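I opened this entry to keep track of what I looked up, in the order in which I looked it up. My notes begin with the ligand and then turn to the protein chain and its cores.

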Amino acid sequence: MQITPLLCLFAGLIASGVATSCPESDGSTLETNLGSFHIQCGADRPGGDMTNSPAWTSSFDDCIYLCDHDDMCRGALWDPNNGGACYLKSELETAVYNPNIWAAINPLWDCPTYNGTRHEIGIDSYYTIECYQDHIGGDMPGSPVWTPTFQACMEACERNSGCIDVSWIPPTGTGNGVCYMKNELNTAIVNSAVWGARRWSVCPDQDGQPWEDGCGAWYQVECFTDRFGGVMAPSPITTASFEGCVYWCGQYPDCVDISWEQGYPTGTCWLKSSVGEASRNMGVYGARQISPYFILRQSYRHDKV
Ligand SMILES: *[C@@H]1O[C@H](CO)[C@@H](O)[C@H](O)[C@H]1NC(C)=O
């Protein structure tokens, strides 16, 4: 019998599918994985072009994507009438009205303006900005690293499994700032030279909590726990989140456990048909099924046979 994946609604992986455009999107905020862009129709910004600008893209969203994935980019300006020229800006000069330009502005997450706000970096992790708060000590091996932006410091933390907090010292002038990554949260002291950000994610924050797979089955989150054996097809699968990995498990009736090797921007998802012996692994977010949804699955399979 062929097992057909169950079709369950999983909002987390479904893009809205609505293209960003002018004038419809004017004044709105577009949340991306890495930042948030303010849409400003007709706001041209002469000057401040990056060396790889202009690029040429077939849509405004593609232009925004290029900017979103470049740490130095603060603005994506698209001209649909000029062959899809995509102007990428590292500096935002004063806006000048130009009806042909569709602009998306990514404000710097700076202190003190963005104090207390949250920024998504991974799909199920975000960082809360704590201006001038330095949690002293707790530095991880390999820390510090040098990064051009505060965002890049949070991304470095995201790539470093076990990191829960950063302290970034912005550069004076151009160049890189110093990014301290921490795996312990000690008492904070006020330090006007430091921009801090605290990470929230499934691990360690949801350790031991129940988690639903989008299909009605429940799992218990087991942070930093890998369970041996039972690896089943089609894993390993590349997923951008723990959430996505549990979702895949929900698609296969035989799946009862997962191990997600945390990574940024993607990690590796292992599906397991058995709950093996646990071992500690700081790079793994695990989940063990505690309540399968047999009734739905059996009736579904019955329909299909
Ligand atoms: C940042 O926000 C926190 C909590 O809202 C507040 O306690 C702190 O004083 C703020 N810091 C600055 C520099 O505004």
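This is a predicted model: local features need pLDDT of at least 70, side-chain atom pairs count only at pLDDT 80 or more; totals for chains, interfaces and linings use all residues.

I began with the shell around the ligand, whose residues divide into three nonpolar and two polar, with no charged residue among them. I then looked up which residues these are, and I noted Pro-112, Asn-115, Gly-116, Cys-131 and Tyr-132 around the ligand.

Next I turned to the protein chain as a whole, where I found five helices and 18 strands. I looked up burial as well, and of the 305 residues in the protein chain, 36% are buried. For contacts between residues at least 6 apart in sequence, I noted that 66% join residues at least 24 apart.

I then asked which residues touch the most other members of the largest nonpolar core. In this core of 21 residues, they are Cys-245, Val-246 and Ile-258. I traced where the core comes from, and at least two residues each are supplied by helix H3 (202–205), strand E14 (218–227), helix H4 (242–250), strand E16 (257–261), strand E17 (267–272) and strand E18 (278–291). H4 gives the largest share, which is six residues.

How values were computed. Residues are numbered from 1 along each chain as its sequence is written. A nonpolar core is a set of buried Ala, Val, Leu, Ile, Met, Phe, Trp, Tyr and Cys residues joined through C-beta atoms within 7 Å. A residue is buried if 20 or more other C-beta atoms lie within 10 Å of its own, exposed if 12 or fewer, and partly exposed in between; C-beta atoms are placed from the backbone. Helices (H or I, at least four residues) and strands (E, at least two) are DSSP runs, numbered from the N terminus. Two residues are in contact if their C-beta atoms, placed from the backbone, lie within 7 Å. A residue is near a molecule or strand if its C-beta atom, placed from the backbone, lies within 6 Å of it. Ala, Val, Leu, Ile, Met, Phe, Trp, Tyr, Cys and Pro count as nonpolar, Asp, Glu, Lys and Arg as charged, and the others, Gly among them, as polar.
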